[in-house]
Amino acid sequence: MAFIKINKQNFFHNLNQFALKSGSKKNIAIVLKDNAYGHGLELMAQLAQEFGLTQAVVRNHVEAKIIKPYFNQILILGDEAFVDKQCSFTLNSLKDIVKAKQGATVELKVDTGMHRNGVAMSELETALKHIQEKGLILKGVMTHNRSADELSSELFWQTKNFNEVKQRVTAFGFTDIRFHAYNSASALRLTCSNKDLIRLGIGAYGYNELPDVYKTLELKPVLSLWAKKVATRKLKKGERVGYGGQFIAPKNMTISTYDLGYGDGWMRSNSMKPFVTAEGLPMLGRVSMDYIILESEKEEVCIMNDALSAGRQVQTISYEILTQLHTDIERVLI
Ligand SMILES: *Cc1c(COP(=O)(O)O)cnc(C)c1O
């Protein structure tokens, strides 16, 4: 079966870049949702702990349970709040406050302009009042930026809105609240001088989806995807390969079958315009469920070692290339 190599040195390099920029490892919560962006949840939790991070962010409590041994504090982005000393739960709406169990530790998400999750700014005081009445422990107030990785000034408009939120939360009487708005792109673009927590996702894994004009940190991809050879055969000029016989050999050639396919989370759609592997080999014909074909005789081939450029080949983003890689592909630490 195909396998994944995880480069520990590159992961530590990326974490270090953000720790240096923000001034402390304490300001970073590693985002491990969706199987740690396809890298492997528990493995990346272990490595983040080894680096010295104490906080993590996941999507639900099932993920949180797996990584509890590695962190002091875990923020859950989308699950119903109940009492768990180690976890805080995001409140994405007024309804989430109603559903939360008394005594739960929560962080209120405020919609400062993305209009996806969070209570409206006009509902802020109502939400704070309900949180108090319900007996929830408010640990943090957060927001999410919609355009931090675009060439636009919207990030500054949302930051201004969030500054207003901070003032209103304090004016309401809550002290000792942590505020956080940084994702990777915001942390790359802003100075991070206010020491707010960074919810660090894609940047930790080595990607910067910002337009090139933004000169920021140098990051290194952590994951590479590899496939192993199943069989080699000779193909005569004019013979066709794979389902539909879509690829027609332009010459006599030696080809091999490798053990990666759309069943592993590699897109079949690539076959319409052949995906070119990290080693410069175009995939020949259609991608099968468990196999691809390349003009190579090597025992192992690197399919992809840079999800940003791989994503550009198929008109998507690094996040999607990474998160769709199946959990049962073996992750090997190097
Ligand atoms: C996924 C997510 C992040 C991390 O975003 P990156 O762009 O990967 O750094 C941060 N905050 C929230 C609320 C998220 O959902």
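User: Which residues of α7 are buried?

Analyst: Happy to show you! This is a predicted model, where local features need pLDDT of at least 70, side-chain atom pairs count only at pLDDT 80 or more, and totals for chains, interfaces and linings use all residues. Residues are numbered from 1 along each chain as its sequence is written, and side-chain values use heavy atoms, leaving out hydrogens and water. Now the general idea: an α-helix has 3.6 residues a turn, so residues three or four places apart point the same way. In α7, the buried residues (under 20% relative accessible area, with exposed over 50% and partly exposed in between, for a 1.4 Å probe and protein chains only) are Leu155, Gln158, Asn161, Phe162, Val165, Lys166 and Val169. They sit on the same side of α7 because they cover an arc of only 155 degrees around the axis, taken from the directions from the helix axis to the C-beta atoms.

User: Which residues are exposed on the other side of α7?

Analyst: There you find Lys160, Gln167 and Ala171. Helices here are DSSP runs of H or I with at least four residues, strands are runs of E with at least two, and both are numbered from the N terminus.

User: Which strands does β1 join, and do they run parallel or antiparallel?

Analyst: Two strands pair if DSSP finds at least two bridges between them. Strand β1 (residues 3-6) runs parallel to β17 (residues 330-333), with four bridges; Ile6 has Leu333 as its bridge partner there. With β11 (residues 223-235), β1 also has four bridges, but this pair runs antiparallel, and Ile4 is partnered by Leu225.

User: What is the volume of the largest pocket, and which residues lie nearest its centre?

Analyst: Rolling a probe the size of a water molecule over the atoms shows where empty space is left. On a 1 Å grid over the protein atoms alone, a cavity is a set of points where a 1.4 Å probe fits but cannot get out, a pocket is an open set with protein on both sides within 12 Å along at least five of seven lines, and lining residues have an atom within 4 Å of a point. The largest pocket has a volume of about 620 Å³. Its lining holds 27 residues, with Lys33, Tyr37, Leu77, Arg116 and His144 nearest the centre. Helix α2 gives the most to this lining, three residues.

User: How many cavities of 30 Å³ or more are there?

Analyst: Two. The largest cavity holds about 50 Å³ of space, and its lining includes Lys109, Arg116 and His144.

Technical notes. Grid points are joined across faces, edges and corners, and a volume is the space filled by probe spheres set on the points.
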